[in-house]
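Biologist: I would like to learn how to read a model like this one. Can we go through it feature by feature?

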Amino acid sequence: MAQLRASSLCTSPATVPSLHTTGHLLYHQFCNAKPSTFKEFGLRASVGAKKIHVIKAAARSDTEVVSETTKGGGLRGKLNKVVLAYSGGLDTSVIVPWLRENYDCEVVCFTADVGQGIKELEGLEAKAKASGACQLVVKDLREEFVREYIYPCLRAGAVYERKYLLGTSMARPVIAKAMVDVAKEVGADAVSHGCTGKGNDQVRFELTFFALNPKLNVVAPWREWDITGREDAIEYAIKHNIPVPVTKKSIYSRDRNLWHLSHEGDILEDPANEPKKDMYMMSVDPEDAPDQAEYVEIGIESGLPVSVNGKRLSPATLLAELNEIGGRHGIGRIDMVENRLVGMKSRGVYETPGGTILFAAARELEFLTLDRETIQVKDSLALKYAELVYAGRWFDPLRESMDAFMQKITETTTGSVSLKLYKGSVTVTSRTSPFSLYRQDISSFESGQIYDQADAAGFIRLYGLPMRVRAMLEQGI
């Protein structure tokens, strides 16, 4: 069960920032009288104690039409309550007042803990409150993320375009699903995200919304507003008395979770540029990794990891430990140019230390437990599985059906794999399984009773018959 925290941020007029512009003034209620269904943390008054009225200004532009018949509506219409995917950065801090101004709604900020790190979660309550949000909800989704999303992809062997281990792709549906749940719990009629109109994430969020609650309205500010960049966002924040986040802006666009860390932007936009050494955060440079190799043993049951070096761990704990082990040996760095779902190519650099170790272990064990035809079919389906995940179709019946197939054929993929980690490389050194299809008495070069080498002559003649017939035709035999 995911841990859940919620905070009421509508306590007094002093806690709500005013919205000043040069347009006409509209009055609306910032919070209604419905009590929060979540636990409150901190010394705060409960939601619903009072209705707070604030002044909202709406600047009308040539491209914006305000419905004169919708009383109390915003510039673009009227929504009751919106659940916003919230990080606390500049973009989402600005989205809060923008939603209130344009849809005359309450805004519930939602943050999912998928292993992005404690620093990313610090101070979110104060930031959300300063931006004008009505409520903050934080859910710990780390175990669910690994167990229900990462492990199925690992079991399927899903790799997008030969390299990408789907770190961001797997995280979006678990976050979006939680947003749908929160929307139901707080009585919201809409959800919102801060994804740009050029990326894949907008598709991943919205397809999940469609699949789980098609009645929800979806608001994507980056596809609607006039803000075109960071400077515009800062100007909007200042204009609306929203504190601008003081954290230093990274020159890279990064996404971090328990599975990986991605880097895009700046010099990486030119595929000819080598990544800078100081860009990486999860792994050391392989040249600086220890000169002594480290061995790690992964225990696997029915295609899913269960232990590290003989110690059974929960999914999230297991992955976190492998990230630390792999990171200090420079494991899991990928530099690639990929095809985005929206049609363009993009260049990204990914760090996936623990995931790279797990993929190597799971695949190696399958060589013991699966026959040739099964491996070939599984590998062919893995390509489509990865495409579905990358495209945001996690809750598509096709992916779910393929997952059932993957679960069935890996029932006997149980055993252990030992790997050697050394300066960025992962080398399999040992693999064992009680369901191994490998038989030394058959494979040995020594004579055996099960395999009679003389039988090979007839097999070759029959197997090569089509080639022999074609050659006879070409040569007039």
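**A buried loop residue**

Modeller: Start with Leu 166, which counts as buried because its relative accessibility is 0%. The model is a predicted one. Leu 166 sits in the loop between α4 and α5.

Biologist: Which residues does Leu 166 touch, leaving out those up to four places away in sequence?

Modeller: They are Ala 158, Tyr 160, Ala 386, Val 389 and Tyr 390. Leu 166 can also be placed relative to Ile 150: the two are 16 residues apart in sequence, and their C-alpha atoms are 8.8 Å apart in space.

Biologist: Which residues of α4 and α5 meet?

Modeller: From α4 they are Glu 144, Phe 145, Tyr 149, Ile 150 and Cys 153. Their counterparts in α5 are Gly 167, Met 170, Ala 171, Pro 173, Val 174 and Lys 177.

Biologist: What about a helix with no buried residues?

Modeller: Look at helix α14 (residues 465-474): of its 10 residues, the number buried is zero, so α14 lies largely in the open. Just after α14 comes Gly 476, with a positive phi of about 70°.

Biologist: Next, the sheets. In what order do the strands of the four-stranded open sheet run?

Modeller: The order is β9-β10-β15-β14, with antiparallel pairing. At the edges are β9 (253-256) and β14 (333-339); each has a single partner strand, so one side of each is left without a neighbour in the sheet. From one strand to the next, the twist averages 25°.

Biologist: How many bridges join β9 to β10?

Modeller: Four bridges join β9 to strand β10 (residues 261-264), and the two run antiparallel.

Biologist: What is the strand order in the open sheet of five strands?

Modeller: That order is β13-β12-β11-β16-β17, and the pairing is antiparallel. The edge strands are β13 (311-312) and β17 (425-432), each with a single partner strand, so one side of each has no neighbour in the sheet. Strand β12 (residues 304-308) pairs with β13 over two bridges, in the antiparallel sense. Ser 307 has Arg 312 in β13 as its bridge partner.

Biologist: Which helix lies across β11, β12, β16 and β17?

Modeller: Helix α9 (residues 353-369) does, and α9 runs at about 135° to β16.

Biologist: How many disulfides does the structure hold?

Modeller: The count is zero. Take Cys 109, which is in no disulfide: the nearest cysteine sulfur belongs to Cys 134 and is 9.8 Å away. A disulfide would need the sulfur atoms within 2.5 Å. Cys 109 counts as buried, at 0% relative accessibility, and Cys 134 is buried with a relative accessible area of 4%.

Biologist: And the chain as a whole?

Modeller: The chain has 14 helices and 17 strands. Buried residues make up 48% of its 477 residues. Of the contacts between residues at least 6 apart in sequence, 75% join residues at least 24 apart.

Technical notes
Residues are numbered from 1 along each chain as its sequence is written. This is a predicted model: local features need pLDDT of at least 70, side-chain atom pairs count only at pLDDT 80 or more; totals for chains, interfaces and linings use all residues. Side-chain values use heavy atoms; hydrogens and water are left out. Buried means under 20% relative accessible area, exposed over 50%, partly exposed in between (1.4 Å probe, protein chains only). Two strands pair if DSSP finds at least two bridges between them. Axes are lines fitted to C-alpha atoms, for helices over the stretch in contact, and angles run from 0 to 180 degrees between N-to-C directions. Contact means heavy atoms within 4.5 Å.
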